[in-house]
Amino acid sequence: MASITGAQIMLAARGANAVMIGLLGTAMGVSTLVGSLLANKLVDMVPTGKLIAGALALFVVSQMPLLFLHSYAAILICQILAGLPFPALNAGLLGFLYGKTPDNMQGRASAVFETTVGILGAACPAMVGWLLQQPDLGFTAVMAVAVVCSVAGLAVSLAGPLRSIPNPDQWSEVFL
């Protein structure tokens with residue numbers, strides 16, 4: 001979220017055409033749609049733990065160039081690549097979370113998850129706006145935060161039991 005918000009605000013500050021800024025969000029939306037068409041097959045074929053790690057790895061790799069490149073073309077390509085893995089990541093991770101949560105706890109699990117994500121999502125534009133205003137930091141700082149957070153997520157997904165989550169047909173055998 002920080003990377004797309006940061007890119008849009010940075011481009012607006014540069015005086016970029018509003019259509020070009022809108023095209024950035026549209027391109028990421030289309031890539032996410034394409035990713036959603038592939039997500040069902042990926043979730044069935046790839047063990048969930050490996051799918052989570054792979055999706056986060058693709059996100060890290062897609063965002064790292066933006067630490068150094070700030071051209072419109074670089075941002076567009078990187079955001080398109082970033083949008084592809086998210087549907088499979090969400091399907092695997094959230095499917096496992098809700099699949100393992102007892103029926104009488106679904107509402108609580110949803111409230112905790114959605115509140116956490118909602119608070120972080122709401123704070124993102126404020127953080128990005130503040131970082132973009134810092135002299136000599138700007139978009140590079142925004143991307144550094146996005147990359148550091150995604151590397152941390154990747155590290156968590158590669159370490160320990162998360163990596164060993166199997167395919168959905170074997171989730172019932174996993175003990176939490």
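1. Asn-167 is buried, at 13% relative accessible area. Buried here means under 20%, exposed means over 50%, and partly exposed lies in between (1.4 Å probe, protein chains only). Asn-167 sits in the segment after α7 (138–158). Helices are DSSP runs of H or I with at least four residues, numbered from the N terminus. Beyond its neighbours within four places in sequence, Asn-167 is in contact with Val-43, Asp-44, Met-45, Val-46, Pro-47 and Thr-48. Contact means heavy atoms within 4.5 Å.

2. A word on the basis. This is a predicted model, in which local features need pLDDT of at least 70 and side-chain atom pairs count only at pLDDT 80 or more, while totals for chains, interfaces and linings use all residues. Residues are numbered from 1 along each chain as its sequence is written, and side-chain values use heavy atoms, with hydrogens and water left out.

3. How many aromatic pairs does the structure hold? There are two. Phe-59 and Phe-86 form an edge-to-face pair, 5.3 Å centre to centre with 75° between the planes. This pair links distant parts of the chain: Phe-59 is in helix α3 (residues 48–63) and Phe-86 in helix α5 (residues 86–100), 27 residues apart. Phe-59 is buried at 11% relative accessibility. Phe-86 is partly exposed at 29%.

4. Next, Phe-96 and Trp-171. Their ring centres are 5.5 Å apart and their planes are at 80°, so this pair is edge-to-face. It too joins distant parts of the chain, with Phe-96 in helix α5 and Trp-171 in the segment after α7, 75 residues apart. Phe-96 is buried, with a relative accessible area of 9%. Trp-171 is also buried, at 12%. For the criteria: rings of Phe, Tyr and Trp (its six-membered ring) pair if their centres lie within 6.5 Å; planes under 30 degrees apart are stacked, over 60 edge-to-face, and the rest tilted.

5. Helix α3 has 16 residues. The expected span is 1.5 Å times one less than the number of residues. Buried residues of α3 include Thr-48, Gly-49, Leu-51, Ile-52, Phe-59 and Gln-63. What covers the buried residues of α3? The cover includes α1 (2–14), α2, α4 (72–83), α5 and α7.

6. On the surface, Val-30, Val-34, Leu-37, Leu-38 and Leu-42 form a nonpolar patch, with about 430 Å² of accessible area together. Val-34 lies in helix α2 (residues 18–45). It is partly exposed, at 38% relative accessible area. Patch residues have over 30% relative accessible area and no salt bridge; nonpolar side chains (Val, Leu, Ile, Met, Phe, Trp, Tyr) are joined within 5 Å, like charges within 9 Å. A salt bridge is a side-chain nitrogen of Lys or Arg within 4 Å of a carboxyl oxygen of Asp or Glu. Areas come from the Shrake-Rupley method with a 1.4 Å probe.

7. Gly-29 is also found in helix α2. Gly-29 counts as partly exposed, at 37% relative accessibility. Gly-29 and Leu-84 are 55 residues apart in sequence and 9.2 Å apart in space, C-alpha to C-alpha.

8. Thr-116 is found in helix α6 (residues 106–133). Thr-116 is partly exposed, at 43%. From Thr-116 to Gly-95 the separation is 21 residues in sequence and 17 Å in space, C-alpha to C-alpha.

Definitions and conventions:
Helices (H or I, at least four residues) and strands (E, at least two) are DSSP runs, numbered from the N terminus.
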